[in-house]
Structures are given as structure tokens and as C-alpha cells.
Amino acid sequence: MIEFFDVTKEYNNQTALRNITFSIEKGEMVFVTGTSGSGKTTLLKLIYLAEKPDKGEISVAGWETEKLKESSIPLLRRNVGIVFQDFRLLNNRNVFENVALVLRIRNMNEKDIRTKVYHSLKTVNLRHKSDSVPEALSGGEQQRVVIARAIVAEPTLLLADEPTGNLDVDTAAGIMRIFNEINAKGTTVLIATHNRELFKNTGRRVLRLDSGNLVGEEAE
Ligand SMILES: Nc1ncnc2c1ncn2[C@@H]1O[C@H](COP(=O)(O)OP(=O)(O)OP(=O)(O)O)[C@@H](O)[C@H]1O
Ligand SMILES: [Mg+2]
């Protein structure tokens, strides 16, 4: 599903990722961990093509990203659900519309949109907040809207960047259950987190970043 070969990414001569090689199979759930600034978000950005590598090769879902035309990027992104670390919710739209937007760009009919959006909001326990604007929600509630938006279109690849950063232990465990269910249905899941509790004793593979270097990929 995802392959990195000798990938280096620099920002203004500062190396964020250095000679990274790994692959993730279809259907896997994998974690990326490391301290703040180690390169987790950068790695996800390279996967969803928000950034380009300075060196190396990346392929996602069989597409060699380097050869992908600019016009094909939205096609690839359609199969990817993203939980952004900085949320990126639209404050001039309510919760329902924030989640629905993902389906509207696919020209889905209104009835199906309502069914899917309410189902997704129910999954994250936010059905009762569908008319609220994001600003009127707590940080943890906003984070759950972002998760609902990422899963509503049943993506083949789910990228989650610190998805439980604003959640208490119980709510975080609930979110991990949702990710496990989605993964069991076939979605490949990649979760970036500094929170070891999320992957401890799960048997899942953990990519460890240290100052932009991949220093391990064993489960713990
Ligand atoms: N747009 C940017 N311009 C310049 N430097 C950047 C940019 N984005 C990230 N960096 C730098 O690249 C390095 C890796 O950042 P990244 O956001 O990938 O880390 P992270 O592991 O996600 O950190 P955190 O746990 O705090 O979210 C950091 O040193 C950061 O300052
Ligand atoms: Mg980050």
C-alpha cells in the first residue's frame, strides 16, 4: 500500500527525514512514533502528497507519486482519509457539513449523505452535536469530528496524525476500537503518535523516528 525507498525531506536545508526506507502492506495497521519534531507529520504529508521528497521514491496504492500528474492527486486523495493534527475544520459550517463535504465532492445524493454522515457521527458519539459549529465544541469533540470526517467515505487508507492528542484515556480507547474495526474491514491504517499507550502490547508494527532517522520498526 505504501512504499518509501531512501526518502529524504528537507525544509530550508534542515533535514526532517533522512534516507527513510519502509513498506506497509495492504490491510496492515502500523504506528509511527518519535518525539516532537522527529518527522511524523512530515512522513504523513509525503504520503498524501502535501509535500514532495527531495530524494528517494514513494509509492502509494500502486501510484509512483513522482510520476503522478498534478491533476491526478485528488483521485489518489479520494481513497485516503486523513485525521489532521491541526484539525482543519471549517468554522463557517456546522459539524454535519464539515463531515458531509467529503461526500459532496463525490457527488453523492443527499439521502446517502445524511445516512453516512449521521452514522459516522454516531460512531464517534457526536450525533447530538451535528448542528453545532466547530468553535462551540471542546478540543476533544473537535478531534472526534475530524475522525468522523476521515472515516465517512470508507477510505482504503486511513492516516491519523496524533488522533488522540486531545482525548482522555477512555475516549482514546474508544477511538482505537473504531480504528481497529475499520482495519478489520480491510482499511490500511497508519497512526502517528507519541503516545506509547496506543500501541503497547498490540503486536502492531511501530516505525520509530529519531531526529528524522528511522531507528526501528519492531512491534513492542
Ligand atoms: N513547513 C515547515 N517548514 C520548515 N520546517 C518544518 C516544516 N514542517 C516541519 N518542519 C520541521 O521538520 C521537523 C519535523 O517536523 P514534523 O512536524 O514532521 O514533526 P512531528 O514528529 O510531527 O512533531 P510533533 O510530535 O510535534 O507533531 C521539525 O524540526 C520541524 O521544525
Ligand atoms: Mg506532528
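## Terms and basis

In the classes used below, Ala, Val, Leu, Ile, Met, Phe, Trp, Tyr, Cys and Pro count as nonpolar, Asp, Glu, Lys and Arg as charged, and the others, Gly among them, as polar. The model is predicted: local features need pLDDT of at least 70 and side-chain atom pairs count only at pLDDT 80 or more, while totals for chains, interfaces and linings use all residues. Residues are numbered from 1 along each chain as its sequence is written, chains are lettered from A and ligands numbered from 1 in the order in which they are written, and side-chain values use heavy atoms, with hydrogens and water left out.

## The largest pocket

The largest pocket has a volume of about 530 Å³. Its lining comprises 19 residues, of which Arg-77, Val-80, Phe-84, Val-102 and Ile-105 are the closest to the centre. At least two lining residues come from each of α2 (73–77), β6, α3 and α5 (139–151); helices (H or I, at least four residues) and strands (E, at least two) are DSSP runs, numbered from the N terminus. By class, the lining holds 12 nonpolar, two polar and five charged residues.

A pocket is an open set of points on a 1 Å grid over the protein atoms alone, where a 1.4 Å probe fits, with protein on both sides within 12 Å along at least five of seven lines; lining residues have an atom within 4 Å of a point. Grid points are joined across faces, edges and corners, and a volume is the space filled by probe spheres set on the points.

## The magnesium site

Thr-41 (OG1) and Gln-85 (OE1) coordinate the magnesium ion (ligand 2) at 2.0 to 2.3 Å. These two residues, 44 residues apart, link distant parts of the chain: Thr-41 belongs to helix α1 (residues 40–47), and Gln-85 to the loop between β6 (80–83) and α3 (95–104). Donors are N, O and S atoms within 2.8 Å of the metal (3.2 Å for Na, K and Ca); water is not among the atoms, so sites may look incomplete.

Thr-41 is partly exposed, at 23% relative accessible area, and Gln-85 is partly exposed at 44%. Buried means under 20%, exposed over 50% and partly exposed in between (1.4 Å probe, protein chains only).

## Backbone angles

Most residues other than glycine have a negative phi. Asn-19, in strand β2 (residues 14–24), has a positive phi of about 50° and is partly exposed. Phe-87 lies in the loop between β6 and α3; its phi is positive, near 65°, and Phe-87 is buried at 12% relative accessible area.
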